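The following note concerns the arrangement of domains in the model shown below and the contact between them.

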Amino acid sequence: MSRSNRERTEQTKQALLDAARRLFVEKGYGDTATPDIVAAAGVTRGALYHHFEDKKALFRAVVEREAAAVAEAIEARTSGDLTPRQALLEGGSAYFDALAEEGRTKLLLLEAPAVLGLRDAGVIDEENAEATLRRGLEAHLPGGGPVLQPIARLLSAAFDRAAIAIAAGEERSEYEQAIAALVDGLSDHLAR
């Protein structure tokens with residue numbers, strides 16, 4: 001395949017992902033039809049099925065791309081010269097910033113579990129934002145041992161619930177303070 005064909009193929013795929021994201025945010029997965037997606041992307045229905053098995057596969061690709069963007073935002077903010085505690089708190093702030101992007105909370109935290117199922121949506125989170133959290137906890141709680149993975153999952157769920165509450169208009173600073181209290185409480189508990 002020539003370079004220009006590869007570029008066109010990638011442009012088509014990106015146009016589908018971008019159009020699908022817009023429509024999934026605007027209408028929700030259930031009310032978004034594939035003809036609407038291909039029309040918004042300016043491509044043929046055949047192009048959609050060339051790149052994605054079905055609408056659900058396209059939705060999964062949108063969710064994976066969004067989850068990767070969240071993880072990248074967290075990594076970018078925590079790659080500096082920070083203590084493990086600072087990195088966890090800065091990572092949390094980066095998570096809330098990343099989830100504040102229009103439609104992202106809806107896609108990742110509401111639609112993904114409903115459409116893909118809790119297990120598959122959880123795996124995507126586990127490979128992205130939760131993975132950054134787990135690494136941060138490992139640095140902050142080196143003696144965490146076998147409870148570190150469950151702690152990461154529970155804290156990840158707390159971040160998700162906080163992001164939903166913030167998206168609904170609750171005060172972000174209160175949730176950031178609560179996350180700091182949880183992180184500090186974990187440190188105190190595991191230090192005993």
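With which residue does R21 form a salt bridge, and how far apart are the closest N and O atoms?

1. R21 forms a salt bridge with E101, with 3.9 Å between the closest N and O atoms. A salt bridge here is a side-chain nitrogen of Lys or Arg within 4 Å of a carboxyl oxygen of Asp or Glu.

2. This is a predicted model, in which local features need pLDDT of at least 70 and side-chain atom pairs count only at pLDDT 80 or more, while totals for chains, interfaces and linings use all residues. Residues are numbered from 1 along each chain as its sequence is written, and side-chain values use heavy atoms, with hydrogens and water left out.

3. The domain assignment of the protein chain (automatic or from a database) gives domain 1 (1-52) and domain 2 (55-191). Their C-alpha centres lie 28 Å apart. To the contact (heavy atoms within 4.5 Å), domain 1 contributes 18 residues and domain 2 contributes 17 residues.

4. About 1,500 Å² is buried between domain 1 and domain 2, and carbon and sulfur atoms give 65% of this area. Buried area is the accessible area (1.4 Å probe) that two parts lose on being put together, summed over both.

5. The rule finds three salt bridges across the interface of domain 1 and domain 2. On the side of domain 1 that touches domain 2, α1 (3-27) and α2 (34-41) each supply at least two residues; these helices are DSSP runs (H or I, at least four residues), numbered from the N terminus. The largest contribution to that side comes from α1, with ten residues.
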